[in-house]
Amino acid sequence: MKNKDLAKRVKELRNRKGFSQEILAEESGLSLRTIQRIENGETEPTGETLKRLANALNVNPDDLIDWTIKEDKGYLKALNLSALTFLIFPLLGILIPAIMWVSKKDKIKGINKTAKDLINFEITWTLLLFAIPILLNLGVLAIKGELSMRMIISSSLIFIVSMYILNVILIFINTFKIHSEMNIKYYPKINFLRS
């Protein structure tokens, strides 16, 4: 949401309490000019300022903060597409989305669920990408001789290519779902980060 929504909320709560801007400034320990800027939507208050306002207005800080969370589908799509960095190096598909998530955590509507689902999928995908070919090779070595080395290499390559294709397809499908305001789904995923 925009600063105007926060401005309306602060003004509404101030009027409900019967406070003038001067009294709110005094009660919160903020300057009168800061209160005026907030109520005019001219500034984006810091977390400390929001806490002071919430205390002065005798409301939970979340009552104010919820009004400052904005909807930004563009950022959610960029977050989702950032996982394509796995094409350069698999761990980047986890690291880049994690950095983007932490930088905007709790500031954009839906970012926590989107980021956790995406990162859980990317971690699971990376583990499978490395574990399955190793297990496949160990299994074939245990059988000895029945399958040639070519068979081991070709089956591993087919699996790896399939995993890359699955990852790219799911990223694009979920980016479209974000654009269309639908729920995203990533499978397979182990919930390393709880929603």
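A crossing of two helices is called left-handed if the near helix is turned anticlockwise from the far one by less than a right angle, and right-handed if clockwise. The model is predicted, with local features needing pLDDT of at least 70 and side-chain atom pairs counting only at pLDDT 80 or more, while totals for chains, interfaces and linings use all residues. Residues are numbered from 1 along each chain as its sequence is written, and side-chain values use heavy atoms, without hydrogens and water.

**View 1. Helices H2 and H3 cross in a right-handed manner.** Helix H2 (residues 21–28) packs against helix H3 (residues 32–39) at an angle of about 115°, and their axes lie 8 Å apart; axes are lines fitted to C-alpha atoms over the stretch in contact, with angles from 0 to 180 degrees between N-to-C directions. Helices are DSSP runs (H or I, at least four residues), numbered from the N terminus. From H2, Gln21, Glu22, Leu24, Ala25 and Ser28 meet Leu32, Ile35, Gln36 and Glu39 of H3, where contact means heavy atoms within 4.5 Å. The residues of this contact comprise four nonpolar, three polar and two charged.

**View 2. A cis peptide bond joins tyrosine 187 and proline 188.** Omega is about -5° at this bond, and proline 188 belongs to the segment that comes after helix H9 (149–179).

**View 3. Asparagine 58 has a positive phi.** Although asparagine 58 is not a glycine, its phi is about 60°, and the residue is located in the loop between helix H4 (47–57) and helix H5 (61–68).

Definitions and conventions. Helices (H or I, at least four residues) and strands (E, at least two) are DSSP runs, numbered from the N terminus. Ala, Val, Leu, Ile, Met, Phe, Trp, Tyr, Cys and Pro count as nonpolar, Asp, Glu, Lys and Arg as charged, and the others, Gly among them, as polar.
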